[in-house]
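Please read the following account alongside the sequence and the model. It goes from the whole chain to single residues.

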Amino acid sequence: MVRPFRVPLFPYFPAIALVIAVIAMVAMSIYNVELMLIFWGLIGFGYVSFRWYQREGVNQHLYNYTVLKQFELFILQRISFQFYGFLKFVHHVQNQNI
């Protein structure tokens, strides 16, 4: 496909971005195990539900969608609870008289 523009550093820039992403994933896996488990759990859940949808067909998709929404709400509640705790901690630290 002919394009009217050139992409600077085309073969190298995407390769560098991929290497940096892999390094970031390894660092996250080492230093934040809980986040790594949540990430791979979501990836695994998505893969299993995709395969299940492929096997069961359209009617089963509606059930999977409901289960996925419930799981998504659970994860969002957990993340928002942790973020609320972090905000409370920051507020407490800011209000200390040192």
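The paragraphs below take up the fold, the confidence, the surface and then a few side chains.

This is a predicted model, in which local features need pLDDT of at least 70, side-chain atom pairs count only at pLDDT 80 or more, and totals for chains, interfaces and linings use all residues. Residues are numbered from 1 along each chain as its sequence is written, and side-chain values use heavy atoms, with hydrogens and water left out.

The protein chain contains three helices and zero strands, in the order α-α-α along the sequence. Helices (H or I, at least four residues) and strands (E, at least two) are DSSP runs, numbered from the N terminus. Confidence is given as pLDDT, the predictor's own value for each residue, from 0 to 100. Its mean over the protein chain is 77, and 80% of the residues reach 70 or more. Among the elements, α1 has the highest mean pLDDT (90), while helix α3 (residues 58-94) has the lowest (68).

Of the 98 residues in the protein chain, 6% count as buried. Here buried means under 20% relative accessible area, exposed over 50%, and partly exposed in between (1.4 Å probe, protein chains only). The chain exposes about 9,100 Å², of which carbon and sulfur atoms supply 72%. These areas come from the Shrake-Rupley method with a 1.4 Å probe; for residues, only the protein chains shown count as cover.

Part of that surface is a nonpolar patch formed by L9, Y12, F13, I16 and I20, with about 600 Å² of accessible area together. Patches are made of residues with over 30% relative accessible area and no salt bridge; like charges are joined within 9 Å and nonpolar side chains (Val, Leu, Ile, Met, Phe, Trp, Tyr) within 5 Å. A salt bridge is a side-chain nitrogen of Lys or Arg within 4 Å of a carboxyl oxygen of Asp or Glu.

L9 lies in the segment before α1 (12-31). L9 counts as exposed because its relative accessibility is 58%. Its backbone also deserves a look: L9 is not a glycine, yet has a positive phi of about 55 degrees. Most residues other than glycine have a negative phi.

How many aromatic pairs are there? The count comes to one: F39 and W40, edge-to-face, at 5.0 Å centre to centre with 75 degrees between the planes. Rings of Phe, Tyr and Trp (its six-membered ring) pair if their centres lie within 6.5 Å; planes under 30 degrees apart count as stacked, over 60 as edge-to-face and the rest as tilted. F39 is partly exposed at 30% relative accessible area, and W40 is partly exposed at 47%.

S49 lies in helix α2 (residues 33-56). With 19% relative accessibility, S49 counts as buried. Its side chain reaches the backbone oxygen of G46 at 3.1 Å.

Terms used: Polar contact = N/O pair within 3.5 Å; in protein donor to acceptor, adjacent residues only side chain to side chain.
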